Structure formats: C-alpha cells, structure tokens
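Welcome! Keep the viewer open as you go.

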Amino acid sequence: MIKTFRPTTMGPNGMVTTPHYLASQAGAHVLQNGGNAIEAAICAASTIAVVYPHMNSIGGDNFWLIYDAQKKEMKALNSSGRSGEQATISFYREQGFEQIPTRGYLSANTVPGAIAGWDKAYQYSKEYLKGSFSWGDLLQSSIDYAKNGFAVTTSQQYWTNVNLDEADNEFRHLQRFEGFRSTFMKDDSTYKAGELMKQNDLAQTLEAIAEEGSKVFYEGVIGQQIVTDLQANGGILTVNDFRNHKSDWVDPISVDYRGYKAYNLPPNTQGMASLSILNILNNFDLSVMKEGSPDYYHLLVEATKLAFSDRDKWLTDPDFQRIPLDDLLSKSHGMNLANQIHQDLSRVMSKQLDPKGDTVWFGIVDQQGNAVSFIQSIYHDFGSGIIPKNTGILMQNRGSFFSLEDNHVNCLKPNKRTFHTLNPAMLLDDSNLKLVYGTMGGEGQPQTQAALITRIIDYGFDVQAAIEAPRWLYGRTWGASSNHLKVEGRVPRQIINSLRKRGHDIEVVDEWTDVMGHAGAILVNEENVKLAGADPRGDGAAIGY
C-alpha cells in the first residue's frame with residue numbers, strides 16, 4: 001500500500017471530484033437530492049466559474065464527455081467558441097502585429113461557449129436522463145457565492161500577484177485593465193487568502209441567465225453589453241458572432257488500451273494526442289518496467305513527443321481541414337511510432353510547445369452510473385484580463401493561440417475554432433464505465449492522463465496514489481527558447497541523473513507544484529462503488545455518498 005497525502009474517497013451511490021471544494025459540495029448536493037450527473041455538472045461548473053476565477057469563467061469554453069449508463073453510450077459535446085466574423089490575419093497584420101496579442105481586447109476574439117454548453121447538456125439531461133432540476137435551481141449556488149461572497153484561495157492570491165508584474169505588458173500587468181483592477185483588487189492591493197470576495201456584476205449576469213436561459217447571453221442584453229464594451233476598446237466580436245454561436249454534439253474518439261477502451265474528444269481538441277500516447281504504449285510491456293524508474297519516465301516522455309509531432313502537424317478546426325484521425329490512431333501507426341523510440345536516447349523536438357493553459361477539470365458519476373468528464377477554461381490564468389463593463393464576465397484569450405501565418409495549420413480565419421488543449425477522458429470496460437479522469441494544464445493534459453492510466457491500469461495504484469505520485473511535464477516555460485523536462489522534486493536524484501544521461505534537459509521544480517496541473521479521477525469497481533481522488537496540488541475535494 002502506497003502512503004498518500006489524502007485518502008481515496010469512496011461512495012456506493014454518487015461521486016464528485018473537482019479542483020475547488022465549494023464546487024464539489026455544490027455538485028454533491030445535487031446528486032444527493034436526486035439529480036443526475038449532468039445536472040450536478042452544471043451546478044459545479046457554474047459554481048467553480050465564480051469561486052475559481054483565475055482558472056475559468058463563463059467567458060470561456062467547455063467540453064463534455066458524457067456516459068449514458070442506460071444506453072451504454074458515450075456522447076461528446078464541443079462547446080468551444082469560434083473566432084469573430086471580423087477576425088482575419090490582415091486585420092492584425094495591418095495594425096503591426098506579428099502574432100495575436102496574448103492579453104487585452106484583441107486577444108478576446110472568440111465567442112465564449114461555456115453557457116451554451118451547459119444549455120445543450122441540460123437539454124440532453126431532460127430528454128434522456130430524466131433530469132428533474134430546473135435550470136434556475138442549478139445556478140443558485142453560483143449566484144449565492146457571487147452575491148454573498150466566497151473565501152479567496154491561496155491559489156487565487158498567488159496567481160493574482162503573479163499577474164501584477166508591470167514590467168511585462170505581453171503576459172502580465174493585468175491591472176492596466178479597469179475591469180480586472182476593479183474586480184480582483186481592492187484599494188490597489190490584492191485579495192488575500194481567506195478574505196471574502198464578492199462579484200456583484202457577475203451575480204446579476206448569472207441571475208439573468210438563470211431566469212432567461214442561455215438566449216440572454218447569446219441573443220439578448222448580456223451579449224450586447226459584451227460587444228459594446230469590446231468594440232468601444234478596439235475589440236472585434238460582433239452581435240452576429242454571439243447570435244450565430246452553436247455548440248455541437250460530436251463523435252467521440254477512442255483507442256484500445258490493455259483490453260479497455262479509452263475515449264476522448266476529437267479535434268479541435270488535442271484528445272487525439274492523449275489517445276496517441278496510449279496507442280504507442282500498447283506496444284510496450286510495462287510489467288517488466290518499474291513505475292517511477294528511468295525507463296518509465298523516458299518511455300512516456302518519448303511517446304509524448306511523437307504524439308505531439310502528429311498533433312502539431314494536423315490539429316485545427318476539422319471544418320477547415322481534413323484530419324486523418326483513423327490513420328493517426330490506428331494500431332499500425334502506433335506501432336510505427338513505438339519503433340521510433342530509442343530506449344537510451346532522448347529525441348530532440350524542434351517545435352517549442354505552448355507553456356500555458358489554465359483550466360478546471362472535474363468528474364461526476366451518479367447513482368444510475370451516468371458520468372461526466374468535464375473541462376472548462378479561459379486559456380491563460382485570468383484569460384484576456386478583460387471584463388466588459390457591468391457584466392462581471394472575465395473573457396477568455398483562447399483565440400490568441402491562432403497563428404497569423406497563412407500556411408499554418410492553425411491559421412486565423414473568421415468563424416473558426418482554434419486548436420484547443422482541453423480534452424476530458426474516460427475509460428470503459430466492455431461498454432461499462434471503468435474510469436473518469438482528466439486534468440487542467442495545457443500541454444500537460446495528455447502527459448498527466450498517461451500517468452493516471454498507466455499507474456491505475458498497469459501498476460494497480462489506487463486512485464489517490466496515482467494522482468499524488470510525482471509528475472513530470474515536457475514543454476517550456478515563459479521566456480524559454482527550447483523545450484525541457486520539468487520533474488517534481490520528489491523524484492529521486494539518481495533517477496534524474498539517469499534521465500540526463502539519456503539527453504533529457506531537466507528542470508527540477510517544487511515537490512508539489514500546480515505547474516503539473518490539478519488532476520482527478522473516479523474509478524468504478526466491481527461492486528459499483530465509486531473510488532475517487534482529488535489533487536493536493538489544487539484546492540479541490542472528492543465527495544461521495
């Protein structure tokens with residue numbers, strides 16, 4: 001038995017794990033009062049959009065993987081927003097930009113899809129899962145915390161302070177934006193952990209959505225307020241952009257893994273990369289390789305590099321380019337990639353990876369066995385930094401990831417979805433639910449998903465132990481000119497030295513760092529008991545009953 005920082009949470013009926021305990025409580029309350037997994041997810045998603053504002057917002061996007069227990073069917077919902085009708089490469093080039101600004105009004109160039117995602121999932125719940133909660137009731141928790149206040153976390157205090165760097169106008173110095181300053185600061189100081197924070201404008205916005213539904217956001221006064229403020233400050237989103245938004249049911253993608261079937265979201269998400277890593281690992285016998293050994297870390301990092309190479313060649317909005325998913329996730333391609341791994345030599349990856357992606361992932365399983373794996377994001381911590389006047393809505397900067405190069409696979413075009421790092425996951429055992437899992441963390445999502453799967457499926461870790469075990473992240477940090485391998489300081493020195501001898505450029509980071517993301521998982525055992533974990537790197541909790 002591996003000693004863990006926290007115990008695995010167990011419940012025979014329902015389970016919620018999120019990266020903020022208030023969101024977990026809100027979702028668990030819905031389950032305990034007869035709600036299904038989707039209803040609990042909407043309540044948790046709206047709550048966490050209020051109480052964890054540096055990581056997500058109703059001004060962002062979300063993606064859903066939904067398991068319908070009665071049908072034994074996996075559903076996937078893409079609720080990411082598209083770029084505005086005026087978002088063109090020439091528009092940015094004519095203003096002298098070589099890349100889309102990371103922060104500010106011109107970074108907020110995609111429509112927020114989050115509210116539409118809640119709505120679309122809610123309709124499915126009513127039609128197929130016998131949903132009994134009213135739409136308005138599911139938003140009451142978020143409204144209460146926005147109106148009456150919530151206690152600021154250490155994480156929020158830390159990331160607020162990080163973003164006050166006046167010397168960095170590209171990525172930080174967010175207090176230059178009036179909406180950010182008036183919302184997340186008070187008297188030129190930041191909220192400290194444990195202090196009460198209220199968001200009155202956001203409360204009024206949520207009340208309007210609770211009363212009038214998602215139409216008030218996309219076709220009514222709220223969308224108009226957002227557009228008016230953006231355009232008054234040089235932004236480009238239009239009323240038509242909001243009216244034309246639609247979220248889409250899409251076909252989930254999957255690969256076999258050790259007799260199970262792993263599911264994820266198709267492009268424009270990087271779910272293909274998460275599955276590709278597993279597809280490569282299928283060609284290796286991990287039973288002869290100790291977990292946590294140099295061979296283990298090396299194999300998973302090298303598999304990640306190969307999966308990312310495919311991803312970066314192909315991943316974009318599939319409405320704009322055909323992506324050969326069947327070929328990329330075929331067993332033969334997985335074998336070909338596996339054969340390129342040198343056990344004693346680190347592959348050099350020329351492309352610099354994206355260093356950011358602040359997000360929330362959570363998982364829910366209800367008493368009937370329905371499940372949700374869910375991700376909601378504003379891209380960078382605090383997104384664009386822009387809060388349109390009188391709305392309280394922090395706008396995402398996801399569209400800043402578009403390229404201004406005409407021939408780039410992810411080049412900017414109007415009404416296009418950008419490459420998205422978000423990809424919630426599930427694992428089925430012969431069409432029965434086995435594991436709900438995921439994490440926040442941009443480039444780290446496929447890597448941490450691989451860590452969770454190998455540790456739980458291949459090595460038999462319990463859920464909490466798999467989450468707490470030392471993690472790694474291959475990529476780069478702000479200002480770095482090349483990729484390197486970050487490993488938590490709990491990894492033994494001799495392991496690190498062995499990896500360096502194989503050519504890995506290693507940076508040792510804190511023993512417990514949220515750079516590695518806030519992971520979570522729910523395992524359903526043979527007794528139908530739900531066993532869940534929450535990441536001590538975050539502020540979450542797993543709650544079952």
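**Exercise 1.** Find which residues Ile 226 touches, leaving out those up to four places away in sequence.

*Solution.* This is a predicted model, so every value here is computed from it. Step one: go to helix H11, residues 221-232, where Ile 226 lies. Step two: list the contacts, which are Phe 217, Phe 242, Pro 388, Thr 391, Ile 393 and Met 395. Step three: check the accessibility. Buried means under 20% relative accessible area, and Ile 226 has 0%, so Ile 226 counts as buried. Step four: look along the chain to Gly 59, which is 167 residues apart from Ile 226, and note that the two C-alpha atoms are separated by 9.9 Å.

**Exercise 2.** Work out how the buried residues of helix H7 are arranged around its axis.

*Solution.* Step one: pick out the buried residues of H7 (residues 154-162), namely Ser 155, Gln 156, Trp 159 and Thr 160. Step two: look down the axis of H7; these buried residues fall within an arc of 130 degrees, so they line one face of the helix. Step three: see what covers them.

**Exercise 3.** Find how many cavities of 30 Å³ or more the whole structure has, and describe the lining of the largest cavity.

*Solution.* Step one: the search finds 4 such cavities. Step two: the largest cavity holds about 50 Å³ of space. Step three: gather its lining, which is made up of Thr 17, Thr 18, Pro 19, Trp 361, His 518, Ala 519, Gly 520, Ala 534, Asp 535 and Gly 540. Step four: sort the lining by class, giving 4 nonpolar, 5 polar and 1 charged residues. Step five: look for the strands involved; E2 (15-18) and E19 (519-524) each supply at least two lining residues.

For comparison, the second largest cavity also has about 50 Å³ of space. Its lining has 5 nonpolar, 4 polar and no charged residues, with Phe 184 and Gln 199 among them.

**Exercise 4.** Look at the backbone: what is the phi of Phe 382, and what is the phi of Asn 528?

*Solution.* Start from a general point: most residues other than glycine have a negative phi, and most peptide bonds are trans. Step one: Phe 382 has a positive phi, near 65 degrees. Phe 382 sits in the loop between strand E13 (371-379) and strand E14 (425-429), and counts as buried at 0% relative accessibility. Step two: Asn 528 also has a positive phi near 65 degrees. Asn 528 is in the loop between E19 and strand E20 (530-534), and counts as partly exposed at 37% relative accessibility. Step three: turn to the peptide bond from Pro 267 to Asn 268, which is cis, with omega near 25 degrees. Asn 268 is found in the loop between strand E11 (260-264) and H13.

Technical notes: Residues numbered from 1 in each chain as written. Predicted model: local features only at pLDDT ≥ 70, side-chain atom pairs only at ≥ 80, totals over all residues. Heavy atoms only, no water. 1 Å grid on protein atoms, 1.4 Å probe; cavity = no way out; pocket = protein on both sides within 12 Å on 5 of 7 lines; lining within 4 Å. Points joined across faces, edges and corners; volume = space filled by probe spheres on them. Helix = DSSP H or I, 4+ residues; strand = E, 2+ residues; numbered from the N terminus. Nonpolar A, V, L, I, M, F, W, Y, C, P; charged D, E, K, R; others polar. Buried < 20%, exposed > 50% of the residue type's maximum accessible area, 1.4 Å probe, protein only. Contact = heavy atoms within 4.5 Å. Arc of directions from axis to C-beta.
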